[in-house]
Amino acid sequence: MNYDLTDLRLFVAIAEERNLTRGAARACLAPSSASHRLRRLEDALNTSLFERQTRGVQLTRAGEALLRNARQVLASLEQMHANLSPFATGIRGHVSLWANTHATHTFLPDDLAGFLKQHPQVSVTLEERTSAEIVVAVASGEIEVGVLADSGNSAGVALAPYRQDRLVLIVPRGHALAGRVTVGFAEVLDHAFVMLHAGSAIHTFTMNAAAALGRHLDVRIQVRSFEAVCRMVGAGVGIGLVPRSAVQLVGLAEPPVVVAMDEPWAQRDLQICVRKGVEPSGFAAALVEHLRRSGSTQG
């Protein structure tokens, strides 16, 4: 069937207001018109979307399903508008960049700010993805540029150095490991961990490293940023494994202590990823060159 966007917006408004009259007002429609549109939508779907009650309406199971999907549709439409609107204000190019958690939270914000200052006619969309997802997207041509760590598979893509970094252990001051210069991963597995959120590249990597040793991590809490990991660890919640570049010591009431990891996989360099045998388009090529130059000046 064909879905009318006005009907979907009306439906969402009624569902959120739990009242047809208030939902109609939010959608700038008369109650009679809204009632007619809602009845037509239910007839087309051959199911009831609301249970009519004395003081309003309540979603049916079908209505709950439609609400989830309608919100996604409308959000995608708004994103489309957001992607296109810059072209009406003089933007002449757009680059989609996927990067892993490490790059997104450390080096890329400053490097992309520099690129956008140099290219005011370009907009950039940055999405956080795992390294494995980035390889697949670049190899298939879905995106032109990615930034990743070792994905274990580089088929169909060409890699260039971006930034050098290492994973380090951070522990609270006074912790049993705080006096160590270096430590092996197997030595820390009995301690409680503060982790980045599930689905992040470093979360997956750390869990797999523990599984390779036949162990499971004791995760006290999962947070959304490396800064939050540093704050939690400094406050004594647990220990953490983060890139050295992401360790925040200044400005924290209780900064963590950094301990080097004596593991070959602790070297966690980032790489720029493009499709093998395919030259990036103009602005994508400019972004790749800017990232390479930024990495080459790393101190």
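Predicted model: local features only at pLDDT ≥ 70, side-chain atom pairs only at ≥ 80, totals over all residues.

I started with the largest nonpolar core, which has 34 residues, and found that Leu169, Phe185, Val188 and Val229 touch the most other members. My rule for a core: buried Ala, Val, Leu, Ile, Met, Phe, Trp, Tyr and Cys residues joined through side-chain atoms within 4.5 Å. For burial I use relative accessible area: buried is under 20%, exposed over 50%, partly exposed in between (1.4 Å probe, protein chains only).

Residues are numbered from 1 along each chain as its sequence is written, and side-chain values use heavy atoms, with hydrogens and water left out.

S7 gives the largest share, five residues. Helices (H or I, at least four residues) and strands (E, at least two) are DSSP runs, numbered from the N terminus.

I also found a second, separate core of 21 residues, with Leu108, Ala149, Ala160 and Leu270 among them.

On to the helices: H1 (residues 5–17) packs with H3 (residues 31–45) at about 105°, the axes 10 Å apart. So I log H1 as roughly perpendicular to H3, a label for angles of 65 to 115 degrees. The axes are lines fitted to C-alpha atoms over the stretch in contact, and angles run from 0 to 180 degrees between N-to-C directions. Contact (heavy atoms within 4.5 Å) involves Thr6, Asp7, Leu10, Phe11 and Ile14 of H1, and Ala34, Arg37, Leu38, Arg40 and Leu41 of H3.

Then I turned to salt bridges, counting a side-chain nitrogen of Lys or Arg within 4 Å of a carboxyl oxygen of Asp or Glu. I get 14 of them by this rule. Arg37 pairs with Asp4 at 3.8 Å, N to O. Because Arg37 lies in H3 and Asp4 in the segment before H1, this pair ties together parts 33 residues apart in sequence.

Arg26 and Glu16 meet at 2.5 Å, N to O, joining helix H2 (residues 20–26) to H1 across 10 residues. Arg26 is partly exposed at 44%, and Glu16 is partly exposed too, at 38%. I see a network of salt bridges linking Glu16, Glu17, Arg22, Arg26 and Arg71.

Technical notes
Parallel < 35°, antiparallel > 145°, perpendicular 65-115°, else oblique.
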